[in-house]
Amino acid sequence: EAETIELGFKSELLAGGMRLNAALFYTEIEDFQSVIFVGDGFATESIPVETQGIEFESIWAATESVVLALAATYADAENTDTGLTPSGAPEWTASFTLDHSWDVSSDYSVRTNAAVNYTGDRYTQSDETYEAPALTLVDLRVALAPSSDNWELALMARNLFDEQELAFGFAMPFYGDTGTSIGSYNRPRTVSIQARYNF
């Protein structure tokens, strides 16, 4: 059960060419489902959580072929029983995207989408343990399509710069001592080709 109070605004500027939204929020959650590792598996516990902060988003059609978007959220989350930060709750998250379309001829166009996603440091387990550092990932997609738009061929790269940080960690006492831990990294750079055809 969640109760939320929100105060904000939504606006359109530049004759509709820009959208600008922002909001202050406060949320109380009863019986928030928190997943923790207990040594031989995962368990769920219900905790009371409060979170408050501000979120902002904007979209701007800078030209007929370029669209920019920016979004950011600051959220201060707290387990109200312990005063500690719940797992998986970064204070800051943000994203920036750029969409560009370029007519290389009268018959074909190249469409580019670039995205930068930021996640602040966060705990991966309860009691503020196993802190995952802040991470910024860049994704890129470049596609070729005809003016008829009945097909598209794209080259995609996720995590373009192959940024690697701890994404998850937990204690593993069954390996001989209570100080043993196990962790995993975020997904490495992935490159793929995508083809689409409209019948």
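**Exercise 1. Find which strands each supply at least two residues of the lining of the largest pocket.**

Step 1. Strands are DSSP runs of E, at least two residues long, numbered from the N terminus. A pocket is an open set of points on a 1 Å grid over the protein atoms alone, where a 1.4 Å probe fits, with protein on both sides within 12 Å along at least five of seven lines; lining residues have an atom within 4 Å of a point.

Step 2. Strands S2 (18–37), S3 (42–61), S4 (66–79) and S5 (92–103) each supply at least two lining residues. S4 gives the largest share, three residues.

Step 3. Note the model. It is predicted: local features need pLDDT of at least 70, side-chain atom pairs count only at pLDDT 80 or more, and totals for chains, interfaces and linings use all residues. Residues are numbered from 1 along each chain as its sequence is written, and side-chain values use heavy atoms, with hydrogens and water left out.

**Exercise 2. Describe the residue classes in the lining of the largest pocket.**

Step 1. Ala, Val, Leu, Ile, Met, Phe, Trp, Tyr, Cys and Pro count as nonpolar; Asp, Glu, Lys and Arg count as charged; the others, Gly among them, are polar.

Step 2. The lining divides into nine nonpolar, five polar and one charged residue.

**Exercise 3. Follow the salt bridge of Arg-111.**

Step 1. Recall the rule: a side-chain nitrogen of Lys or Arg lies within 4 Å of a carboxyl oxygen of Asp or Glu. The count comes to six salt bridges.

Step 2. Arg-111 pairs with Asp-149; their closest N and O atoms are 2.9 Å apart.

Step 3. Arg-111 lies in strand S6 (residues 108–119) and Asp-149 in the loop between S9 (135–146) and S10 (151–158), so the pair ties together parts that are 38 residues apart in sequence.

Step 4. Check accessibility. Buried means under 20% relative accessible area, exposed over 50%, partly exposed in between (1.4 Å probe, protein chains only). Arg-111 is at 28%, so it counts as partly exposed. Asp-149, at 31%, is partly exposed too.

**Exercise 4. Is Glu-152 buried or exposed? Place its salt bridge with Arg-196.**

Step 1. Glu-152 has 8% relative accessibility, so it counts as buried. Arg-196 has 29% and is partly exposed.

Step 2. The closest N and O atoms of Glu-152 and Arg-196 are 3.9 Å apart. Glu-152 lies in S10 and Arg-196 in S13 (residues 190–197), so the pair ties together parts that are 44 residues apart in sequence.

Step 3. Link the exercises. Arg-111, Arg-141, Asp-149, Glu-152 and Arg-196 form a network of salt bridges.

Notes. Helices (H or I, at least four residues) and strands (E, at least two) are DSSP runs, numbered from the N terminus.
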